[in-house]
Amino acid sequence: MTKQHGYALLAAMAALIVAVSAAIYVGVGIDDGTPRQETFARAPHNSAAPASTGVWVGAWAASPNGSEPGTERDGLAGRSVRNVVHTTAAGTSARVTLSNLYGQQPLTITHASLAVAASTDTPAAAAETMRRLTFAGNPTVVIAPGRQVVSDAVRVPIPHDSDVLITTYSPTPSGPVTYHTHARQISYTAEGDQVADVTGTPYTTQSLHWRYVTALDVLSNESEGTVVVLGDSLTDGVSSTVGENRRWTDVLSGRLRAAAGSSDTPRYSVVNEGISGNRVLTDGNGRPAENPSGLSRFQRDVLGRTGVKAVVIDLGVNDILRNPGRADPEAITEGLRRLVDQAHARGLRVVGATLMPFHGHRGYSDQRESVRQAINAIIRSGNVFDSYVDFDKALRDPYDPRGLRPDYDSGDHLHPSDKGYARMAEVFDLEKLKGSAPARL
């Protein structure tokens, strides 16, 4: 080879590397409320791309709600993060969404995988289900600050009501880690690149957060759409038993699956978009805002989810409790109507919930109770949602309607016990999820 040919070859190789790097960096979707496109890059040869038919639905989701304390400089560099998520739908293929919404510098993921857990409460994987994830055909992806990325689909059987392990490895410091605070589920980390490990042995550190991952979609022949539940800590499942999936949305999912096939019950999966402390009207601090309001995140967390057919909204208690003055019931219900309008613009039916009592909680006052009662009266009048579920009536103490019934109370007089969460799902009329938004006259 001549020196001239050698230079030409080196130049060609350098151009190729730059082009591939640019493609990886650009290959992300905006996570600022813009609906995600349901088109994906062609998978490489010999990939595990789906071959079966079905409908893409959400099997699990969680809202990114802030940056994890202690990760401001290095993120989780040099560690494998194994998130454990619980499915509400079965499928023959799967894909995941990773987010760097609260990052302040690019997040480089060089290795990611998905597997069905070998059993509950374990980082060990069923070996035959371990799949390497790619992004537009590449095993490495760089996610810019404020952005998200959707993986290519992999062919793998995903059972409903099962734990799935979604693992990522980042070798370099990335700054603040985007996370969901109250997972009520144990996840794991390991030193070094242990993404492909199936034994679970290296995963010696536990966490009660979900990091980076915000959605798991499956190609399903079991479900025909997704119910998205938007809420606060009562939907997030705060106070429910860790690792046992006893949030009211988990119980609702089980009821929908058990009733599947009846003429009046839709075949829907359920995804939980609850954030502890969430309000209808007010964002948290920071840019982007931590704990963004329901109005701020509705596009991203509801309309941006896969296969959405119906929406359930259970918000408003924190607008009362966290208001230093007197909360305005009309302003709160008007905010709820604005959420409904956004859903109706997409043809989605919306079921709302009355606000449950909190007498005995440290934030209780007679004034705040009067605001709660006023909001519930407006909801019951039918002037906010397409239909509603009366959680207040179902869980209040018949001897003191200002508070939760004792056996439905976790003990803090605000969050239900496991029995209380089950009751919320039991009183939900499944038929209310059926149909589209009512026509406007």
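## Helix α4

Helix α4 is mostly covered, with eight of its 10 residues buried. The structure described here is a predicted model. The buried residues of α4 are Gly294, Leu295, Arg297, Phe298, Arg300, Asp301, Val302 and Leu303. Among the elements that cover them are β18, β19 (268-274), β20 and α6.

What does phenylalanine 385 contact, leaving aside its neighbours within four places in sequence? Its contacts are Ile313, Leu336, Val340, Val350, Val351, Gly352, Ala353 and Ile379.

## Helix α7

Helix α7 (residues 366-380) has 15 residues. From its first C-alpha to its last it reaches 21 Å, close to the 21 Å expected at 1.5 Å a residue. After α7 comes glycine 382, which has a positive phi, near 85 degrees.

The buried residues in α7 are Arg368, Glu369, Val371, Arg372, Ile375, Asn376, Ile378 and Ile379. An α-helix has 3.6 residues a turn, so residues three or four places apart point the same way. The cover over the buried residues of α7 includes the helices α5 (317-321), α6 (329-344) and α8. It also includes the strands β21 (349-353), β22 and β24 (400-404).

Strand β22 spans residues 387-389, and serine 387 lies in it. Is serine 387 buried or exposed? Serine 387 has a relative accessible area of 12%, under the 20% cut-off, so it counts as buried. Beyond its neighbours within four places in sequence, serine 387 is in contact with Arg349, Val350, Val351, Gly352 and Lys432.

Another charged residue is placed over a ring elsewhere, where arginine 95 lies over the face of tryptophan 56, at 4.1 Å from the ring centre.

## Aromatic pairs

The whole structure holds four aromatic pairs. In one of them, the ring centres of tryptophan 248 and phenylalanine 391 are 5.2 Å apart. Why is this pair edge-to-face? The planes of the two rings stand at 75 degrees, and planes over 60 degrees apart count as edge-to-face. Tryptophan 248 lies in helix α3 (residues 248-259) and phenylalanine 391 in helix α8 (residues 391-395), so the pair ties together parts that are 143 residues apart in sequence. Tryptophan 248 is buried, at a relative accessible area of 0%, and phenylalanine 391 is also buried, at 0%.

Another pair is formed by phenylalanine 358 and tyrosine 364, whose ring centres lie 6.0 Å apart. The planes of these rings are at 70 degrees, so this pair is edge-to-face. Phenylalanine 358 is buried with a relative accessible area of 0%, while tyrosine 364 counts as buried at 16%. Trp248, Phe391 and Phe428 form one aromatic cluster.

## A six-stranded open sheet

What is the order of the six strands in the open sheet? The order is β8-β7-β12-β4-β14-β15, and the pairing is antiparallel. The edge strands, each pairing on one side only, are β8 (131-132) and β15 (205-207). In a regular strand the side chains alternate between the two faces of the sheet.

Strands β7 (residues 111-116) and β12 (residues 163-170) run antiparallel and are joined by six bridges. Serine 113 stands opposite threonine 167 in β12. Strand β4 (residues 79-86) pairs with β14 over four bridges, in the antiparallel sense. Here serine 80 has alanine 190, in β14, as its bridge partner.

Strand β14 (residues 187-191) is mostly covered, as four of its five residues are buried. Three bridges join β14 to β15, again in the antiparallel sense. Serine 187 has serine 207, in β15, as its bridge partner.

Notes: Residues numbered from 1 in each chain as written. Predicted model: local features only at pLDDT ≥ 70, side-chain atom pairs only at ≥ 80, totals over all residues. Heavy atoms only, no water. Helix = DSSP H or I, 4+ residues; strand = E, 2+ residues; numbered from the N terminus. Buried < 20%, exposed > 50% of the residue type's maximum accessible area, 1.4 Å probe, protein only. Contact = heavy atoms within 4.5 Å. Phe/Tyr/Trp six-rings, centres within 6.5 Å; stacked < 30°, edge-to-face > 60°. Lys NZ or Arg CZ within 6 Å of the ring centre and 35° of its normal. Expected span 1.5 Å × (residues − 1). Pairing = 2+ DSSP bridges.
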